[in-house]
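Please have the sequence and the model open side by side. The paragraphs below move from helix pairs to aromatic rings and then to single residues.

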Amino acid sequence: MIASCLCYLLLPAARLFRALSDAFFTCRKNALLAKSSSTQVEGDFAMAPRGPDQEECEGLLQQWREEGSSQVLSTSSEGPLVDKGLAQSSLELLMDNPGEQDAASEDKWSSRQLSDLRAAENLEEPFPEVLGEEPLPEVEGPMWAAVPMQTGPQYADCAVLPMGALAAEQWEEDPAVVAWSIAPEPLPQEEAPIWPFDGLGQLQPPPMEIPYHEILWREWEDFSAQPDAQGLEAGDGPQFQFTLMSYNILAQDLMQQSSELYMHCHPDILNWNYRFANLMQEFQHWDPDILCLQEVQEDHYWEQLEPSLRMMGFTCFYKRRTGCKTDGCAVCYKPTRFRLLCASPVEYFRPGLELLNRDNVGLVLLLQPLVPEGLGQVSVAPLCVANTHVLYNPRRGDVKLAQMAILLAEVDKVARLSDGSHCPIILCGDLNSVPDSPLYNFIRDGELQYHGMPAWKVSGQEDFSHQLYQRKLQAPLWPSSLGVTDRCQYFSSCHPKRAERLKYSRDFLLQFRFCDVACQRPVGLVLMEGVTDTKPERPADWAPSVLEEDTLEPEPVFPRTVGTIQHCLHLTSVYTHFLPQHGRPEVTTMPLGLGMTVDYIFFSAESFENGNRTDRRLYQDGTLKLLGRLSLLSEEILWAANGLPNPFCSSDHLCLLASFGMEVTAP
C-alpha cells in the first residue's frame, strides 16, 4: 500500500520533467521546421533521447506540426507558476486515467498543458489549443539567418541573428524563432601571429578587406617616345617589338624546406594549387612573348605548367638542376613571334672541382624573330636569351663568379656572329647579388679585379666583415682545365680560323708527298722489301709549298691575367634600382622581412656615366632598344601588403617585365 502511494506521488514529478523536455524539443523542432523539411527534422529528432512514454512526445510533436504553429516557450516561462500548473495538470490526468495512454488522453493532456502555460506567460497571442484551429497569419518583419555561435548551454543551437550580407538562407519571422532569439555573445578576437624573427620588427598581416591590387599597383613606364643619349627617339624606323618576363616563382619543395621564412603567411595562400592559379593569371595578364622562369619544380612543370603554357601558345624548354635537386630553369617563347635556332643547357657542376661543386644551372636560347609579311623583304638579327639561377650562399662569392663566367662563355659562343661581333643579348634571372655589388658591376662594366677580395663581398647580400676568418679570392680564380679564359670565353672560340685548316682533299695532301719530312727515313723503321726499302725520289719540277711552313706554326697561347676577369658583351640593366618618386630603392624580393633586389634583366646596350640619377636612360641604344618596363615596388609598400608571398602575389619574388624593339633592316 505504501509502495503504491509512493508510485502515485512520483509519477506526477516524472510527467512534469517529461513535459518540460517535450516543450523544449518541440520548440527546437518548430524552429527547424521553419527552415527544413519535415523529413529532415524527423531524422534529426529521431536521435533525441526518449523516455518510456515516447508515444506522448510523438503525439504532442505531431499535433503541433499539424496545427502549423511555430510556437515556443520563452525563457520567462520557467517559474514556479509553470511548474505548479504542469504538476497539477499532470496529476489530474494521472488520476483520471493512470494506466491508459491513448489519443484522447494525449489531446486532453496537451490542451490542459498549453492552457496553463498560456495563462502563466500572459502571451498577447494565444496558442492554438485544439486540433484543426487555423494557424496564425504570417507577420512581416526582419529576416533572420541561423549562425553557429557560443551561447549558454540552456540555449545551445537556438540563437539567431538579423540577416546581413553574409546570410546564406532566409525565412520569414516566426514566433518560435522570435521567442528563442538571444543576443549573441561577442566572439573572442584571434591574436595576430607574432613575427618570429627578433630584431626585424613585426609584420602584421592586414585584414582580408585590404585591396591588395591597389597596394601592389605597378605602373608601366613607357620609353618609346623618350630620346636617348644621341637625341634619337626609340621609335624611329620600323621595329620588331616584343616583351620579356623574368620570374622566380618559388618552388614548392624549397618553400617547404625553408618553412621558417614563410611563417607570416596564411597556410592557404601557400598551397600550390592556389599559387599555381595566381601565377597563371599573372602570365595571362601580362602576356609576354618570352618567359624566363626560375625555381620551376620538375613535377609541377611537366604536369601543370608546361601543358598550361602550351595552351597559351608557348613553346617551353626546361633544365632541371643537377644532383638530387627538384627544381630548375625554364625559357618559353611564342613560336608565332620567334623561331628556335639553338638551345644550350648549361651545367655549372664540374666533378672534382671544389669551386664548381654546386648544382645550379642555366639555359641559353638563340631565337630568330619572325617579321610580319607586310614589311616585305626585311630581316632582323637573331636574339640570344639567357636565363639562370646563381648560387644563393652569401659567403661563396667565388662560386658565383665562376658560375657567371661559364654562363657568359656560353652566351659568347651562341651569340657570336661570323664577323666576330655578337647579336643582341638578354641575360636575366635570379643572380643572388644586390645592385652595385662586385658581381653586378662585373656584368655591367665588363671587368672585375677580384684578387684579395673577401668572398662574401662579391654578392653584397650580407656583411661578414666582423668575422675573424674570411675566405679571400685568389688568382687564378678557376683552373685552365675548365676551358674558360679570363675573358669569359671558351678556348675553342678564341682560336684564329685559318683558311687551310679544313682543307683535307686529295690534292691538298699530295702537296706534302715530297716534302723534306716525307723524304727522310724514320729512325727504327723496319726494312720490308718492296715497301720500305726504297727512298722516294723528288721530281725535278717539284717546289716546296708555302703551306708547309704555315702548318708548323705553334698553336696560340692565351696568357692568364693576374686577378682580373673580363667580358665583351656590353650589357646594362633594364632597371635603375631606385624609385625617384618615392626616394626608396627598388625591391624584387623580401626574405625575413628585408627587401632587396636580386633579380635582373640585362640587355645589349652601351652604358654611359651620368650624374643625374633621375634620368631613366643611362645607356646608349644599339640594335636592341628598351621601350618600356614594369615598375618595381619599395620595401614599405610590400610591408603594407604583409610581405611576400601574399594573397595577391604568390611568390617570394616580384616578376620583372620589359618591352624591347629590334631594328629591322633591308637585305
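How close do the axes of helix α9 and helix α10 come, and at what angle do they cross? The model is a predicted one, in which local features need pLDDT of at least 70 and side-chain atom pairs count only at pLDDT 80 or more, while totals for chains, interfaces and linings use all residues. Residues are numbered from 1 along each chain as its sequence is written, and side-chain values use heavy atoms, with hydrogens and water left out.

The axes of α9 (residues 272-286) and α10 (residues 298-311) come within 11 Å and cross at roughly 30°. Because of that angle, α9 counts as roughly parallel to α10 (angles under 35 degrees are roughly parallel, over 145 roughly antiparallel, 65 to 115 roughly perpendicular, and the rest oblique). Axes here are lines fitted to C-alpha atoms, for helices over the stretch in contact, with angles from 0 to 180 degrees between N-to-C directions. Helices (H or I, at least four residues) and strands (E, at least two) are DSSP runs, numbered from the N terminus.

Contact means heavy atoms within 4.5 Å. In general, an α-helix has 3.6 residues a turn, so residues three or four places apart point the same way.

Lys400, Leu401, Met404 and Leu408 of α11 make the contact with Leu439, Phe442 and Ile443 of α12. Six of these residues are nonpolar, none is polar and one is charged.

How much of α12 is buried? Six of its eight residues are, and the helix is mostly covered; buried means under 20% relative accessible area, exposed over 50%, and partly exposed in between (1.4 Å probe, protein chains only). The buried residues are Pro438, Leu439, Tyr440, Asn441, Phe442 and Ile443. Their cover includes α11, β12 (447-449), β13 (564-566), β14 (571-573) and β17 (599-604). Just after α12, Gly446 has a positive phi of about 85°.

Pro394 lies in the loop between β10 (383-389) and α11. Its relative accessible area is 7%, so Pro394 is buried. Setting aside neighbours within four places in sequence, Pro394 touches Lys400, Ala455, Trp456, Ser459, Gln461, Glu462 and Phe464. Ser433 is 39 residues away from Pro394 in sequence, with 8.4 Å between their C-alpha atoms.

Next come the aromatic rings. Rings of Phe, Tyr and Trp (its six-membered ring) pair if their centres lie within 6.5 Å, and planes under 30 degrees apart count as stacked, over 60 as edge-to-face and the rest as tilted. By this rule there are 14 aromatic pairs. One of them joins Phe240 and Phe338 edge-to-face, at 5.5 Å centre to centre and 80° between the planes. This pair links distant parts of the chain, as Phe240 is in strand β4 (residues 239-248) and Phe338 in strand β8 (residues 338-347), 98 residues apart. Phe240 is buried because its relative accessibility is 4%, and Phe338 is buried at 1%. Both belong to one aromatic cluster formed by Phe240, Phe242, Phe338, Phe603 and Phe660.

Phe242 is also among the contacts of Ser659, together with Trp220, Thr243, Lys625, Leu626, Leu627 and Gly628, leaving aside neighbours within four places in sequence. Ser659 is in strand β21 and is buried, at 10% relative accessible area.

Pro647 sits in the loop between α17 (635-640) and β21 (656-663). With 19% relative accessibility, Pro647 counts as buried. Not counting residues up to four places away in sequence, Pro647 touches Tyr212, Ile269, Tyr274 and Asn278.

For the chain as a whole, the secondary structure comes to 17 helices and 21 strands, and 44% of the 667 residues count as buried.

Notes
Ala, Val, Leu, Ile, Met, Phe, Trp, Tyr, Cys and Pro count as nonpolar, Asp, Glu, Lys and Arg as charged, and the others, Gly among them, as polar.
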